[in-house]
Structures are given as C-alpha cells and as structure tokens.
Amino acid sequence: MVELVGYPVDLGGPLRGSAMGPNALRYAGILNAFAPAASEVVDHKDLPLDSHPELPSTEGNFELFPTLIFDALKSLNQMVGSIVERGATPVTLGGDHSLTMASMGSYLKQHGPEGVGLLWIDAHADINTPDTSPSQNIHGMTIGSLLGLSTQQSADRWDIWKREFTGGHYLHPSHVSWIGLRDVDPGEAATIRSMDGAFVADMPTIDLNGIGRTFENWLQWAQDRKISKIWVSFDVDVLDPVLAPGTGTTVRGGLTYREAHLLAELLSNVIHGQNLNLVGLDIVEVSPLLDLKNETARMAVEWVGSLFGKKVMGPE
Ligand SMILES: [Mn+2]
C-alpha cells in the first residue's frame, strides 16, 4: 500500500512556490500513477500547515525561519512515522527538499540504518551543513543532517534538528548514492570525497556511460553493500530545465526524458522483482509559480508511473 502526504512548505529553498507542488502533482494525476504495482493508494492530503505566502523569497532560511521550518518538519516526521509504522510505503509530495530530513528520518528512527540505502536523484548533492553552505538554505543540508554530520556554526540548533528527525540513527555514508549531479558546492565535494564507498554518478559520468550502464553500476554498488531497502528521493530539477522549468534552482544540462524514464524502468524491475524494497519516495521541488502549463508536475507524475511499473508494452 502507498500512502501519500503533501508537505506544503517551501521556506527551505531560495524561491517560493513549491508549497503548491503537492496540488500541482495531484492535478497532474499522481493518484493514478501507482498502478499497476501498488494495490491501494491513500492520499492523506496536505499536512495542515501554514505555507506563509506573505514571507519573501530569500537565502539564509536556516537562520531566518528556523522555528517555522522545524515545526513543519516535525509534523511531517510524525505523519510519515505513522505510515512507516503501518508497514505502508510513504510517498511525500513537496515542498522543498529539506522534507527528506523528516520523511526518511522517520524511517531511520524506527528501523535504524542497517541495509538501508538512499538514492538521491537531483542536480544538487544537498550534503551541506551550516559550516559549508554558501546560501545557508536548509534544503541543501538534507543529507548532511541524515548522516548526522557535525558543524561548528549553529552547532546547537543543528544538533537538535538532526537528532529530532532521526532519533540519532544516522545513515551510513557508504549507503548514499547520487544520480544526476551537476551543481555541487566546494564544501560538498570535499565531504563526498571523504565518504568511503558512496556512489556518485554526476552528469559527465552519465554522458560517458549512458544511463543503462550507470544503473548497472549502481545496482552492483547496492549489492556489494548488502542494501536491501532503498529510499528514493527525486528532485524534479534533475531533469533538464527545458523539460522541467517549474522548479526553484534549475541547472542546465540535466537528464533527458528518456534517460529519466529508463532509470525509473530499470529501478522498477529491481524493486518489483523484490530484490530491493522501496521503503519510501519523495517527489520534491515542483513549483507551479515557475512552471509552464504544469509540465513539470506532469513530468514527475509520468516518472512515478514508470517507477511503479508502467511499461511501453503494457503488463506482461
Ligand atoms: Mn535540487
């Protein structure tokens, strides 16, 4: 069973608008995207949170709105926690990408990090901390928090955040993987280089190997680490901005339509072949304010369709 929850909050990124992402995804038909693989889909609707549309788009939101963001993430953490407790698959609709601190965090809190991998499909690495982040935007610190990285700047607050959402059960650095990177801050690159055994497929790697070989390498990586449970976090900005303009931090040179879909189709084969258990999914950073005719939400919905087993040739 799939259980959806919308996180109508975008204060963690520099441009407002993704608070309306969950409904853009619903208008684009996300509720129908989980057939044929999911037997039942429940939509818990958006969390009853104030999106604060009166606040400006700004950098430095970890400093400016810590309480608003913390409280919002706390309710998401509780909601996803109850879904995980029921044994259903949580799917969060964002909202900005800081939400994964709370969504995947709730899974780690209950089950711990053993055998759990993270697949981060994104133009950005989102592994900053307050020490390394040039923008001080919390949506770029998500993996830093899930790993329990330490920091000097804002150390007290950062410690409270990372513990609150994971219960102190942090991801193994060697169990983190990225596909689609093309905008990585210097501090992030240094952190990634220090992480023994993490998997990185940046855009040049994908250009050279193709997405098919990239996926095979990823699968081998997961098997080598005995990863049997995977949390997939999909930021629509991994797609080329020509295809997905409706998001706050676009970067040129992203995945093509077919690259994205082949990745989802190959993942789907492995997940629904039961070799790898999909334990959670985030679809984030869809911003209808920046979009053209809801194209970006539609792209995301089609991608979810491929992840949940939609095949060109139909069911086997
Ligand atoms: Mn991103």
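1. The model contains an open sheet of eight strands in the order E2-E1-E3-E8-E7-E4-E5-E6, with parallel pairing; strands (E, at least two residues) and helices (H or I, at least four) are DSSP runs numbered from the N terminus, and two strands pair if DSSP finds at least two bridges between them. E2 and E6 stand at the edges with a single partner strand each, so one side of each lacks a neighbour in the sheet. From one strand to the next the twist averages 15°, where axes are lines fitted to C-alpha atoms, for helices over the stretch in contact, and angles run from 0 to 180 degrees between N-to-C directions.

2. On the basis of the model: this is a predicted model, in which local features need pLDDT of at least 70 and side-chain atom pairs count only at pLDDT 80 or more, while totals for chains, interfaces and linings use all residues. Residues are numbered from 1 along each chain as its sequence is written.

3. Strand E4 (residues 116-121) runs parallel to E5 and is joined to it by four bridges, with Leu118 opposite Val176 in E5. E5 is in turn joined by four bridges to strand E6 (residues 199-202), again in parallel, and Trp178 has Val200 as its bridge partner in E6.

4. The largest nonpolar core has 91 residues, and those with the most contacts inside it are Leu25, Ala300 and Val304; such a core is a set of buried Ala, Val, Leu, Ile, Met, Phe, Trp, Tyr and Cys residues joined through C-beta atoms within 7 Å. Its largest share, eight residues, comes from helix H3 (residues 66-86). Leaving aside residues up to four places away in sequence, Val304 touches Ile30, Ala33 and Ile283.

5. Helices H9 (residues 257-272) and H10 (residues 295-307) pack at an angle of about 30°, with their axes 7 Å apart, and are therefore roughly parallel to each other, a class that covers angles under 35 degrees. The contact is made by Ala260, His261, Ala264, Glu265, Leu267 and Ser268 of H9 together with Trp303, Ser306 and Leu307 of H10.

6. Some backbone details deserve a check. The peptide bond from Gly94 to Gly95 is cis, with omega near 15°, and Gly95 is found in the loop between strand E3 (89-94) and helix H4 (99-111). His52, although not a glycine, has a positive phi of about 50°; this residue is placed in the loop between strand E2 (41-46) and helix H2 (61-64), and counts as partly exposed because it has 14 C-beta neighbours inside 10 Å. Asn294 also has a positive phi in a residue other than glycine, near 60°, and is found in the loop between strand E8 (277-284) and H10; with 16 C-beta neighbours inside 10 Å, Asn294 therefore counts as partly exposed.

Note on methods
Parallel < 35°, antiparallel > 145°, perpendicular 65-115°, else oblique. Contact = placed C-beta atoms within 7 Å. Buried ≥ 20, exposed ≤ 12 C-beta atoms within 10 Å, placed from the backbone.
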